[in-house]
Amino acid sequence: TSNQMWGGRFSAGPDAIMEAINASIGFDRRMAAQDIAGSRAHAAMLAATGVITDSDAEAIGKGLLTVLSEIETGTFAFSTALEDIHMNVEARLKEIVGEPAGRLHTGRSRNDQVATDFKLWVRDQLDAAETGLIALIRALLGQAEAGAGWVMPGFTHLQTAQPVTWGHHMMAYVEMFGRDLSRVRDARVRMNESPLGAAALAGTSFPIDREMTATALGFDRPAANSLDAVSDRDFALEFLGVASICAIHLSRFAEELVIWSSAQFRFVTLSDRFSTGSSIMPQKKNPDAAELIRAKVGRIFGANTALMMVMKGLPLAYSKDMQEDKEQVFDAADNWMLALAAMEGMVRDMTANRDSLAAAAGSGFSTATDLADWLVRVLGLPFRDAHHVTGSLVAKAEARGCDLPDLTLADMQSVHPDITAGVFDVLGVENSVNSRMSYGGTAPARVREQIARWRQAL
Ligand code: ARG
């Protein structure tokens with residue numbers, strides 16, 4: 001038996017393999033609510049424009065709500081033979097309301113229908129990402145406030161560079177996630193045009209009102225070109241692109257948390273709620289959530305690459321290749337939201353170990369730059385010469401197995417005779433961070449300004 005939706009010209013039904021490769025119902029059932037919202041908007045518009053009767057539209061609208069509740073309560077019987085969510089919903093509507101169901105698809109195609117459903121789904125995910133990002137930023141602000149002035153080593157090449165403050169490091173991530181937030185909002189604005197009414201590709205001869213369905217579904221306007229409207233998956237690609245950049249930030253922070261929670265660093269203690277143990281080593285407390293965030297990022301990049309490869313080179317308008325868009329986006333969205341929530345939980349719960357941070361901040365000659373700056377400021381040396389003199393002092397301290405503040409004034413003067421005792425004032429880490437008062441710098445006063453700006457902005 002041929003397909004009841006499009007089988008008019010067919011005398012035989014599809015091979016089982018054809019059905020298996022063709023069906024998307026296994027995954028696109030996740031768009032059921034969006035599909036029904038789109039159909040309800042379409043039916044109401046068809047009645048308002050006189051294309052179908054009010055009583056047909058009413059029967060369709062009511063019937064669709066019944067279908068929705070069947071799907072939500074798990075009593076709906078999905079059929080692979082009916083290929084996708086669109087035809088599953090319509091076939092069931094036919095069983096419930098009879099003849100009017102056949103009028104729903106007037107002036108519409110699955111091509112504009114699927115683009116509409118998928119856009120609505122992605123738009124919901126952008127909203128969820130916005131909520132998740134704001135929660136994560138708030139958690140970071142909490143950490144930054146608690147330790148705005150706590151000193152810790154700042155790194156380049158993962159080698160001790162200069163002392164910074166804990167608050168400054170937290171606020172660096174606030175900036176990154178803040179840009180992600182703005183990218184999420186930008187993407188939402190750009191994608192918010194309705195494909196509904198583009199029909200198969202050319203538009204329709206029925207006197208439809210695309211403004212009306214666009215408004216009903218919360219879109220800003222109808223998409224301007226019907227060919228583009230059914231061919232466009234930019235919104236899904238942009239979603240994955242935004243997710244990928246955010247995932248990079250999540251993975252960098254996750255990596256730092258893995259390092260920082262190790263026994264060798266002890267910069268942070270993760271909460272029991274966001275750690276796991278080992279089945280053999282009783283002492284273990286592992287940062288699994290951070291490791292999984294680091295790993296899930298790979299899946300998000302994979303989805304991004306996969307969909308770009310699916311879309312490249314496709315001629316206009318719809319091709320079935322485009323059915324391969326959804327699983328990638330669904331998987332990336334699920335893992336992005338989970339990663340955001342897990343990161344927020346870890347950050348909210350973790351304890352920064354102030355003493356370990358301070359001890360590490362003072363090691364590794366972290367104030368060597370302060371010493372060189374002092375030679376410039378007080379003795380008037382050119383910076384390059386000051387750099388060289390300081391390097392010699394570092395070598396002296398390293399040979400002796402001590403830090404820069406442990407050298408004597410005589411040691412200092414043996415490298416440069418004009419050095420005075422005043423130099424010792426700049427070798428402390430507290431002094432170092434307090435002096436970094438340039439805009440955006442690590443001085444606690446500057447960090448508190450950054451925090452206040454973000455508190456205001458959220
Ligand atoms: N299941 C299809 C998809 O996800 C729906 C659109 C089908 N359109 C078509 N012309 N065959 O893309």
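This is a predicted model: local features need pLDDT of at least 70, side-chain atom pairs count only at pLDDT 80 or more; totals for chains, interfaces and linings use all residues.
Q: OK, ligand first. Which residues are around it?
A: Around the ligand you'll find Ser 24, Glu 83, Asp 84, His 86, Arg 110, Asn 111, Val 114, Tyr 318, Lys 320, Gln 323 and Lys 326. To be near, a residue needs one of its heavy atoms within 4 Å of the molecule.

Q: How does that shell split by class?
A: Two nonpolar, four polar and five charged residues. Here Ala, Val, Leu, Ile, Met, Phe, Trp, Tyr, Cys and Pro count as nonpolar, Asp, Glu, Lys and Arg as charged, and the others, Gly among them, as polar.

Q: And which helix gives the most to the shell?
A: H6 does, with three residues. Helices (H or I, at least four residues) and strands (E, at least two) are DSSP runs, numbered from the N terminus.

Q: Which ligand atom does the Asp 84 side chain lie 2.9 Å from?
A: A nitrogen atom, reached from a polar side-chain atom of Asp 84. The protein covers 87% of the 350 Å² of accessible area that the ligand has on its own (Shrake-Rupley method, 1.4 Å probe).

Q: Switching to packing: how do H6 and H12 sit, parallel or antiparallel?
A: H6 (residues 110-146) and H12 (residues 325-349) pack at about 15 degrees with their axes 9 Å apart, so they're roughly parallel. Axes are lines fitted to C-alpha atoms, for helices over the stretch in contact, and angles run from 0 to 180 degrees between N-to-C directions. Under 35 degrees counts as roughly parallel, over 145 as roughly antiparallel, 65 to 115 as roughly perpendicular and the rest as oblique.

Q: What's in the contact of H6 with H12?
A: It has 19 nonpolar, three polar and four charged residues.

Q: What about H6 and H7, parallel or antiparallel?
A: The axes of H6 and H7 (residues 166-191) come within 9 Å and cross at roughly 165 degrees, so that pair is roughly antiparallel. Their contact has 20 nonpolar, three polar and seven charged residues.

Q: And how do H10 and H11 pack?
A: H10 (residues 234-260) and H11 are at about 160 degrees, axes 8 Å apart, and are therefore roughly antiparallel. The contact divides into 19 nonpolar, four polar and three charged residues.

Q: Now the backbone. Which peptide bond is cis?
A: The one from Leu 316 to Ala 317, with omega near 0 degrees. Ala 317 is in the loop between H11 (288-311) and H12.

Q: Which non-glycine has a positive phi?
A: His 157, at about 60 degrees.

Q: Where's His 157?
A: In the loop between strand E1 (151-156) and strand E2 (159-165).

Notes
Residues are numbered from 1 along each chain as its sequence is written. Side-chain values use heavy atoms; hydrogens and water are left out. A polar contact is a pair of N or O atoms within 3.5 Å; within protein, one must be able to donate a hydrogen and the other to accept it, and residues adjacent in sequence count only if both atoms are side-chain atoms.
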